[in-house]
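Take a look at the fold below before reading on. The notes after it are meant to be read with the model open beside you.

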Amino acid sequence: MKAEDVFVLRSGPKLERLKIQEPKSEIKRGKKFMVGYLGVIGQQEGIEYLLKAAKYVKELPERNDVFWGIVGGGPDLERMKKLCHEMGLDDIVEFTGRVPDQKLLDYLNTADVCVNCDEYNAMNDKSTMNKVLEYMALGKPLVQFDLTEGRYSAQDASLYAEHNNANDMARKILELLDNPEKRKWMGEYGRNRVINELGWEHTSKALLEGYDRYFRSRGEIEMINAIRLYRIARWLYLHHIPFLPKLLQLITFLMYNCSVSYKMSIGRGSFFNHAGIGVLINPKVVIGKNCKIGNNVSIVGQGPYKECPRIGNNVYIGSGVVIQGPVIIEDNVIIAPNAVVNKSVHTNMIVGGIPAKIIGDVTKLDYDIFANESWKEGHKPFLT
């Protein structure tokens, strides 16, 4: 595969969710310093290395001044709690379990140094750890083992311990705790890196650029629009791929103010005019093949009915149209702009108005509205 055909979608935090706040000194249990950890408590997360580092620090002369706050839940939580007790660390280590976002922010904003203790192995070495980016977003310096992706993400916002060496990790933590100026510089460096490079507003661009290149490679040179994002999300949904369909639906809404669920069915060849701006379609709606849908169209349900509209094939729906309730729009129908359709429409009818009424017959037109042809000369007559 060519290098230009590869797009890396990095995980990136949203800064509006990770707010810098004043620390809460009571969390530290009277200790001078706090080391923070955020993440899943699982076997691969290396929490035992963090506990060993805490024990190393505690046993140093006059270094019982560090509190360790471990935020998160997971399958290994109870085993890690038991190990912590057996190591005699209950007085300086707290496992919060899974907590609300505000409590999470309280702990991380109070921490002086944060830790990513994922052990060195083939998977972790090439994985982007969300916790690293979240620490950086909050302006926290961190310590982690020297993993390829971890170093790429954090760069100078982190100190790097030898692979799976808990004692070296402890020494790196103490180096930062004893150097407030270095902590401040590293924290600012990391936050600026997230703001300018690694935040979601930057990393998400790779997703759109990748899809744009894919469609261009197929000869579809128009920009990404709502219908294309829908089709990608629909394909991912039908192949049971999690998360991405919801992400694409959110991106569609944010970019085009368009609410189209990947759970609904839109037939092959159907498309949105003007990129699908302002289109709202109930997830229960079914749309056939080769339909043309204008901007600011609403196709929705209507109480107390359970059913939603069903649109046939080759239906033209003009801009601003509202179709509501359990109506059936048969094949080859044209709905004029701004019409409100609350009754079913037979094949080959042209309807318009509020409420919509039959105003013509498709079979009597002298042109194909779907062909988007421009062959007539002159202007239409003036109103009289």
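First, the ground rules. This is a predicted model, so local features need pLDDT of at least 70 and side-chain atom pairs count only at pLDDT 80 or more, while totals for chains, interfaces and linings use all residues. Residues are numbered from 1 along each chain as its sequence is written, and side-chain values use heavy atoms, with hydrogens and water left out.

Let's start with the holes. On a 1 Å grid over the protein atoms alone, a cavity is a set of points where a 1.4 Å probe fits but cannot get out; a pocket is an open set with protein on both sides within 12 Å along at least five of seven lines, and lining residues have an atom within 4 Å of a point. Points are joined across faces, edges and corners, and a volume is the space filled by probe spheres set on them.

The second largest pocket has a volume of about 490 Å³. It is lined by 22 residues, and Leu38, Gly39, Val40, Arg98 and Glu134 sit closest to its centre. Helices and strands here are DSSP runs (H or I, at least four residues, for helices; E, at least two, for strands), numbered from the N terminus. Helices H3 (101–110), H4 (122–125) and H5 (130–137) each supply at least two lining residues to this pocket, with H5 giving the largest share, 3 residues.

How many cavities of 30 Å³ or more are there? The count is 1, and the largest cavity has a volume of about 40 Å³. Its lining includes Leu229, Tyr230, Pro245 and Gln249. Helix H11 (226–238) and helix H12 (244–256) each give two or more residues to that lining, and H12 gives the most, with 4 residues.

Ala, Val, Leu, Ile, Met, Phe, Trp, Tyr, Cys and Pro count as nonpolar, Asp, Glu, Lys and Arg as charged, and the others, Gly among them, as polar.

| Space | Volume | Lining by class |
|---|---|---|
| Second largest pocket | about 490 Å³ | 8 nonpolar, 7 polar and 7 charged residues |
| Largest cavity | about 40 Å³ | 7 nonpolar, 3 polar and no charged residues |

**Cores**

Now for the packing. A nonpolar core is a set of buried Ala, Val, Leu, Ile, Met, Phe, Trp, Tyr and Cys residues joined through side-chain atoms within 4.5 Å. Buried means under 20% relative accessible area, exposed over 50%, and partly exposed in between (1.4 Å probe, protein chains only).

The largest nonpolar core has 64 residues, and Ile47, Leu51, Trp68, Ile70, Val93, Phe95 and Met136 touch the most other members. Apart from it lies another core of 42 residues, including Ile232, Leu236, Val321 and Val333. Contact means heavy atoms within 4.5 Å. Neighbours within four places in sequence aside, Ile47 is in contact with Tyr37, Ile41, Ile70, Met80, Phe95 and Cys117.

Is Glu149 buried or exposed? Glu149, in helix H6 (residues 148–154), counts as buried because its relative accessibility is 12%. Setting aside neighbours within four places in sequence, its contacts are Arg10, Asp125, Lys126, Ser127 and Thr128. Met123 lies in helix H4 and counts as exposed, because its relative accessibility is 51%. Met123 and Gln44 are 79 residues apart in sequence, yet 9.6 Å apart in space, C-alpha to C-alpha.

Two strands pair if DSSP finds at least two bridges between them. Four strands make an open parallel sheet in the order S8-S11-S14-S17. Strands S8 (265–266) and S17 (328–329) are the edges, each pairing on one side only. Strands S11 (residues 286–287) and S14 (residues 310–311) pair over 2 bridges, and Val286 has Arg310 as its bridge partner in S14.

A cis peptide bond joins Gly303 and Pro304, with omega about 5 degrees; Pro304 lies in the loop between strand S13 (298–300) and S14. Another cis bond joins Ile354 and Pro355, with omega about -10 degrees.

Two residues other than glycine have positive phi: Glu62, near 60 degrees, and Asn296, about 55 degrees. Glu62 counts as exposed because its relative accessibility is 80%, whereas Asn296 is partly exposed at 43%.
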